[in-house]
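Thanks for coming, everyone. Please put the sequence and the model up on the screen, and we will walk through it together.

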Amino acid sequence: MAEAAVKEKLGTTAAQAEQELTDGFHLVIDALKLNGLNTIYGVPGIPITDFGRMAQAAGIRVISFRHEQNAGYAASIAGYLTKKPGVCLTVSAPGFLNGLTALAHATTNCFPMILISGSSEREIVDLQQGDYEEMDQLAIAKPLCKAAFRVLHAADIGIGVARAIRAAVSGRPGGVYLDLPAKLFGQVMNADAGAKSLVKVIDAAPAQIPAPASVKRALDVLKGAKRPLIILGKGAAYAQADDDIRTLVEKSGIPFLPMSMAKGLLPDTHPQCAGAARSTVLKDSDVVMLIGARLNWLLSHGKGKSWGEAPKKFIQIDIEPKEMDSNVEIVAPVVGDIGSCVSALLQGMGGNWPAPPADWPAAVAKKREENVSKMAPRLMNNNSPMDYHGALGVLRTIVKERPDAILVNEGANTLDLARGIIDMYQPRKRLDVGTWGIMGVGMGYSIAAAIETGKPVLAVEGDSAFGFSGMEVETICRYKLPVCIVIFNNDGIYRGTDVNSASSDPAPTVFVKGSRYDKMMEGFGGVGVNATSPDELKRAVNEAMNSGKPTLINAVLDPAAGSESGRIGNLNPQSVLRKK
Ligand SMILES: Cc1ncc(C[n+]2csc(CCOP(=O)(O)OP(=O)(O)O)c2C)c(N)n1
Ligand SMILES: [Mg+2]
């Protein structure tokens, strides 16, 4: 054979061989795509930089953040909004650790999420020989999530991703860690075998049907109630069984209390909503049916002063059997997924379910009207600098006029007062600090909410809360997201008035007075506005929501307007000793 012909033949064979091979990079991408995971939130670096590029080239949306914690919070709320695991991608050790808070947060809040981190050489890590970013990430992640897996062979990528997806969304959802060592990405294998090794997860979150006897028991207890109450938690919102839940509440005639992120499942203005009569319904109810809500600290563990003296019976609907009796006795546990449970309850209720004794809903409605009208005049003040009520009165109207916008909310006073004042009208429109009362979710949530839903986002942020994720305003500008951030700037944490009498250092709770957060936004090409009155605030927010341009409004609040720890000051430890 002539030399040229030999060369050509060899070239073709090499090309053919290459075509028939795949590698770890592509298998991970293919496995994610096969399962409909089309968005990745993360921060690039060794060993996942090229992976991000290739994922983007393959049609996956890769949203690149400034800090992994924010990318992780974004993934966690993407999971909540879509019922598919949100994916966060990080580098090894420090990037992994930055993402880990969000993974633990996802698990605590029952949001499906997968944290994928690149990791260093196993052989070196396990001998602790000081590899680049050395850390036994799998061991560290394990206690903080629902499940943790490591893939060592390219042929196992399909199974690894499938297990991660199933673990994240089945049963009670939560966070899953997937460890991908650097070497895995470069491993090659036969392309056909690679394609065959991928797993499309069938029925990732199988329905869990409640036992008929448990449904009957619950309905018997409910029927005997004189002053029943339904509490809706974010588990009920997650379930996306909106129509059935609404029908159940309306058919029963029972007052309902939405937990923070369940607001809007039925409108807060619904005649049965007891949101504005919370203390009355907790104290005076005799039977409480919890739907996707846990009796944790947010409900005072189901006992103590806020629950009153009279004995209570609890019915609890939850997918997790271990949730039952976690704080108090549950007389009627109904274990199953919320959708299946609610539909079984509806069926069991039949066509002529008796309404609760009329004096109960009437008493709740009276209390609600009283509280609402007490608050009304405060919401209309046009004080400058603003107080919380004046500023929130304006935002309340804006949300009423734009019920499909997503409200992100964090802070102390900024959170507690906004939760009470801003009515929600549609399910899953209120995203906030969740079970831990965590600061720092603001920008990550806003970004994911805009990306996942395509709806405008209004983020109402305490000035301290905002600081935890503030750098992501660049990300918001870079991706041109329709996010309007309103910072309730009261010069500090809770208040801006603390004074340190011992030295010239500022007190621990105060920030630079008169800060202009709006200038940050301008620095990245977004719109910045300094608003000093409710009228100015209203104009600026409406303009931002109309334009869809990334906007940050520095709302100047009276530094003395807030109170210590917002509504949960009672949780601060006290001592009889008051040494100064
Ligand atoms: C990760 C985290 N760190 C610290 C806290 C404690 N903390 C609770 S609220 C808060 C900030 C409150 O100030 P701000 O956001 O300005 O709201 P304001 O009460 O002033 O309206 C802090 C730091 C927390 N909840 N989470
Ligand atoms: Mg503040």
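First, the ground rules. This is a predicted model, where local features need pLDDT of at least 70, side-chain atom pairs count only at pLDDT 80 or more, and totals for chains, interfaces and linings use all residues. Residues are numbered from 1 along each chain as its sequence is written, chains are lettered from A and ligands numbered from 1 in the order in which they are written, and side-chain values use heavy atoms, with hydrogens and water left out.

Now the ligand. How many residues surround ligand 1? There are 16, and the closest are Y388, N413, T414, G437 and D463. Near here means that a heavy atom of the residue lies within 4 Å of the molecule. By class, the shell has seven nonpolar, eight polar and one charged residues. In that count Ala, Val, Leu, Ile, Met, Phe, Trp, Tyr, Cys and Pro are nonpolar, Asp, Glu, Lys and Arg are charged, and the others, Gly among them, are polar.

Look at the backbone around the ligand. A polar backbone atom of N413 sits 2.8 Å from an oxygen atom of ligand 1. For A465 the distance from a polar backbone atom to a ligand oxygen is 2.9 Å. For Y494 it is 3.1 Å, again from a polar backbone atom to an oxygen of ligand 1. On its own, ligand 1 has 590 Å² of accessible area, and the protein covers 77% of that. Areas come from the Shrake-Rupley method with a 1.4 Å probe, and for residues only the protein chains shown count as cover.

Which elements give two or more residues to this shell? They are α18 (413–421) and α20 (463–467). The largest share, three residues, comes from α20. Helices (H or I, at least four residues) and strands (E, at least two) are DSSP runs, numbered from the N terminus.

Stay on α18 for a moment. L415 is in that helix. L415 is buried, at 6% relative accessibility. Buried means under 20% relative accessible area, exposed means over 50%, and partly exposed is in between, with a 1.4 Å probe and protein chains only. From L415 to I157 is 258 residues in sequence and 42 Å in space, C-alpha to C-alpha.

Next, salt bridges. Side chains of opposite charge can pair when their charged atoms come close. The model holds 23 salt bridges; the cut-off is a side-chain nitrogen of Lys or Arg within 4 Å of a carboxyl oxygen of Asp or Glu.

Take D179 and R150. Their side chains meet at 3.2 Å, N to O. D179 is in strand β7 (residues 175–181) and R150 in strand β6 (residues 147–150), so the pair ties together parts 29 residues apart in sequence. D179 is buried at 1% relative accessibility, whereas R150 is partly exposed at 25%.

Now R172 and D318. The closest N and O atoms of this salt bridge are 3.0 Å apart. Why does this pair tie together parts 146 residues apart in sequence? Because R172 lies in the loop between α8 (157–169) and β7, and D318 in strand β12 (residues 313–318). Both R172 and D318 are buried.

R478 is partly exposed at 33% relative accessibility, and E474 is buried at 15%. Salt bridges with shared partners join R66, E474 and R478 into one network.

Now S120. Buried or exposed? S120 is buried, at 8% relative accessible area, in the loop between β5 (113–119) and α6 (122–126). A polar side-chain atom of S120 lies 2.6 Å from the backbone oxygen of Y132.

Last, the backbone. The I46 to P47 peptide bond is cis, with omega near 5°. P47 is in the loop between β2 (39–42) and α3 (49–57). S384 and P385 are also joined by a cis peptide bond, with omega about 0°. E133 is not a glycine, yet has a positive phi of about 45°. D203 is not a glycine either, and its phi is about 50°.

That is the tour. Questions, please.

How values were computed
Polar contact = N/O pair within 3.5 Å; in protein donor to acceptor, adjacent residues only side chain to side chain.
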